[in-house]
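Keep the sequence and the structure in view while reading.

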Amino acid sequence: MLALRWDNVDLEGGTLRVVETVQRLGKGVGLVTGTPKTARSRRTVPLPEVCRHALLDHRELQDKEREAAGAGWTEHGLVFTTRTGTVLEPRNVNRLLDERIAAAGLRRIRFHDMRHTCASLLLSQGVPVRVVMEVLGHSQMAITTDLYGHVMPLATRAAAAAMDDVLGG
């Protein structure tokens, strides 16, 4: 998310391409942009309409921030930036998430837990494991099934019910 550039977002087509990552390396190295871990991690992901609309709104807000910053804006083409256009510090993103969760009175979760929630929700809605694997960018289906196997009983029950419907059971 921190490395996502507008060039990699197709708001009309409703997709985004995952081609870069940002991470903080220790020992004074700082923030580093690189490529995702595996070839499958570099992928095109379809955007749900709610996300597409949120990104459209976000782009308008960012245009206003760019205008307000004037010469203080540093253009990197990033989707998510500071108010001056620079890359977001991962710790600040985590801190902001913690603040928003606390303000909403919800149980604390890590930023990465939203990825797990996405996978669990997709599987519980009957989305095939192979599709969830591709959305998450896992290199092997076994990774997805090992991590989210606990959600699979719901999907297999739904499959049994679907067979009942087809066979008249």
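## A buried glutamine

Q62 is buried, with a relative accessible area of 1%. Buried here means under 20% relative accessible area, so Q62, at 1%, counts as buried. The structure is a predicted model, and the values in this report are computed from it.

Q62 belongs to helix α1, which covers residues 49-69. Which residues does Q62 touch, leaving out those up to four places away in sequence? They are W6, W73, L78, V79, F80 and T81.

W6 and W73 are both among the contacts of Q62. Not counting residues up to four places away in sequence, W6 touches L11, L55, H58, R59, Q62, G77, L78 and V79. One of these contacts, R59, lies over the face of W6, at 5.7 Å from the ring centre. As for pairs between aromatic rings, the structure holds zero of them.

W73 is found in the loop between α1 and α2, the latter being residues 90-104. Is W73 buried or exposed? W73 is buried, and its relative accessible area is 11%. With neighbours within four places in sequence left aside, W73 is in contact with Q62, E65, R66, T81, T82, R83, T84 and G85. R24 is 49 residues from W73 along the chain, and the C-alpha atoms of these two residues are separated by 22 Å.

In soluble globular proteins, nonpolar side chains tend to be buried together. The largest nonpolar core in this model has nine residues: L4, W6, V9, L11, L16, V45, L47, L55 and V79. Apart from it lies another core, of seven residues, and A119, V129, L136 and Y148 are among them.

## One face of helix α4

An α-helix has 3.6 residues a turn, so residues three or four places apart point the same way.

Just after α4 comes G137, which takes a positive phi of about 80°.

Strands of a sheet pair through backbone hydrogen bonds, either parallel or antiparallel. Strand β1 (residues 9-10) and strand β2 (residues 15-18) run antiparallel and are joined by two bridges. V9 has L16 in β2 as its bridge partner, and D10 stands opposite T15 in β2. V9 and L16 are also both in the largest nonpolar core. β1 and β2 form a hairpin with four residues between them, and G14 in the turn has a positive phi of about 70°.

On β2 there is a further pairing: four bridges join β2 to strand β5 (residues 43-46), and these strands run antiparallel. The bridge partner of T15 in β5 is P46. In what order do the strands of this open sheet of three stand? The order is β1-β2-β5, with antiparallel pairing. β1 and β5 stand at the edges, each with a single partner strand, so one side of each is left without a neighbour in the sheet.

## A second hairpin

Strand β3 (residues 21-25) and strand β4 (residues 30-34) run antiparallel, joined by five bridges. R24 has L31 in β4 as its bridge partner. β3 and β4 form a hairpin with four residues between them. K27, in the turn, has a positive phi of about 55°.

## The chain as a whole

The protein has six helices and five strands. Along the sequence they follow the pattern β-β-β-β-β-α-α-α-α-α-α. The C-alpha trace spans about 70 × 40 × 40 Å along its principal axes.

Of the 169 residues in the protein, 25% are buried. Among contacts with a separation of 6 or more, 45% are between residues 24 or more positions apart.

Conventions
Residues are numbered from 1 along each chain as its sequence is written. Side-chain values use heavy atoms; hydrogens and water are left out. Rings of Phe, Tyr and Trp (its six-membered ring) pair if their centres lie within 6.5 Å; planes under 30 degrees apart count as stacked, over 60 as edge-to-face and the rest as tilted. A charge sits over a ring if NZ of Lys or CZ of Arg is within 6 Å of the ring centre and within 35 degrees of the ring normal. A nonpolar core is a set of buried Ala, Val, Leu, Ile, Met, Phe, Trp, Tyr and Cys residues joined through side-chain atoms within 4.5 Å. Buried means under 20% relative accessible area, exposed over 50%, partly exposed in between (1.4 Å probe, protein chains only). Contact means heavy atoms within 4.5 Å. Two strands pair if DSSP finds at least two bridges between them.
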